[in-house]
Amino acid sequence: MLVTDSQEFSGIISAFGAAAMQGLSNPAIVGAPEDQLRSPLKALVENMATLSGLPPKAVGLVGETTLAHLSTRPDFAVTLRNALIGFIEVKAPGKGADPRRFTDEHDKKQWGKLQTLPNLIYTDGNAFSLWRDGKLVGEVIKLEGDVYFSGAKLAAPPALLALFSDFFQWQPIPPKSAKKLAEMSARLCRLLREEVAEELAKQNPGLTSLASEWRNLLFPDADDKTFADGYAQAVTFGLLVARVRGIDLGKGLDAAANALKETSTLIGTALRLLIDNAQVKTALKTSLDTLTRVLNVVDWPALTRGDADAWLYFYEDFLEVYDNDLRKKTGSYYTPPEVVNAMVRLTDEALRDPALFNRPSGLADSGVTICDPAAGTGTFLLGVLRRI
């Protein structure tokens, strides 16, 4: 547990209150109220990191001047020793820090997307809350006073330091099963899809160029929504395959794509083409950085425990969380192994039966052609190969 100097803690909150009031009350400053909180909040977070026992400058905040027009990207990305640990979303003072209670359509839509993130602080300067995968951690912490007029008299309960300490200590948790990995990947893939769609609407040059090539070479009728979906799934599964191959995602997306090309040429090349643009990587930084950080802890051998069929139902589990309507539309429902084995065995026996087809080698007969027009993850084809 933290052992801190309460006087130092009070001083940090007091300094935050003074800086916030100065920014919010200055008539010469233009822009949204939440923009005036950015600099005081940055100093507050850095001071809280030091008070939590972290070395000076170990925590960094990365954010643009204003992101009010975006509904997907949080205001700040927070790093610890240059590794992404979470995000901070800043709201106008008075709006509160419980996104479940927001009534503004922009805020509600944004929360629908940001709740995918594994470590997120919401704040309006007067209150702070910590969220993981859409679930509140502890309680909403309210400060004593108001950033508009309290100034140096602003105070906070000790629970605020505990909230920040918890935030700084976040580490991705390796999933315990293929189903859990599918669910986790689906949530992050959905965030990437939304970020791609938003950037396409803003006419991001890198993504509009990719979407145009996608249509020209692969899917002429694909609209922006279809491209965003295809892009998000292709990148997500490319990164998943990289982890299955034991490739370290912590060295960067470019390094992962190049390493993947050595064992999976098509997937590695596709991943490289999709992320090999500075404008694209910058625009999709929230989702791409979160994907690589979370997926990099995946230990596929430990997760599957030698089960060769661990992939068989992965996509069905993935789609159920990612987009259940798409799951229904594509008919992504897979046949249980027991049914597959029975059908394959009965087919093999029918082929061998002298009264029917008289093929002594059954499915292995050179005159037998196997056709699976709805292969999915190849459950039936795998069953046939095993039977042969």
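Contact means heavy atoms within 4.5 Å. Axes are lines fitted to C-alpha atoms, for helices over the stretch in contact, and angles run from 0 to 180 degrees between N-to-C directions. Helices (H or I, at least four residues) and strands (E, at least two) are DSSP runs, numbered from the N terminus. In these terms, helix 4 (residues 105–114) lies across strand 3, strand 4 and strand 5, and runs at about 160° to strand 4.

The structure is a predicted model, in which local features need pLDDT of at least 70 and side-chain atom pairs count only at pLDDT 80 or more, while totals for chains, interfaces and linings use all residues. Residues are numbered from 1 along each chain as its sequence is written, and side-chain values use heavy atoms, with hydrogens and water left out.

The chain has 17 helices and 6 strands. Its C-alpha atoms fill a box of roughly 95 × 45 × 40 Å along the principal axes. Of the 388 residues in the chain, 46% are buried (under 20% relative accessible area; exposed is over 50%, and partly exposed lies in between, with a 1.4 Å probe and protein chains only). The accessible surface of the chain comes to about 19300 Å², and 54% of this surface belongs to carbon and sulfur atoms; the areas come from the Shrake-Rupley method with a 1.4 Å probe, and for residues only the protein chains shown count as cover. Among contacts in the chain with a separation of 6 or more, 61% are between residues 24 or more positions apart.

An open sheet is formed by 6 strands in the order 1-2-3-4-5-6, with mixed pairing; two strands pair if DSSP finds at least two bridges between them. Strand 1 (59–62) and strand 6 (135–142) stand at the edges with a single partner strand each, so one side of each has no neighbour in the sheet. On average, neighbouring strands of this sheet are turned by 20° against each other, direction ignored. Strand 3 (residues 83–90) pairs with strand 4 (residues 120–123) in the parallel sense over 4 bridges, and Ile88 stands opposite Ile121 in strand 4. Helix 3 (residues 38–51) lies across strand 1, strand 2 (76–80), strand 3, strand 4 and strand 5 (127–132), and runs at about 160° to strand 1.

A search of the whole structure finds 26 salt bridges, each defined as a side-chain nitrogen of Lys or Arg within 4 Å of a carboxyl oxygen of Asp or Glu. In one of them, the side chains of Glu183 and Lys180 meet at 4.0 Å, N to O. Glu183 and Lys180 are 3 residues apart in helix 6 (residues 178–201), a separation of about one helical turn. Glu183 is buried at 19% relative accessible area, whereas Lys180 is partly exposed at 48%.

Glu194 forms a salt bridge with Arg193, with the closest N and O atoms 3.5 Å apart. Here Glu194 is partly exposed at 24% relative accessibility and Arg193 is buried at 14%.

In the salt bridge between Arg352 and Asp348, the closest N and O atoms are 2.8 Å apart. Both residues lie in helix 16 (residues 337–352), 4 residues or about one turn of the helix apart. Arg352 is partly exposed, with a relative accessible area of 39%, while Asp348 is buried at 2% relative accessibility.
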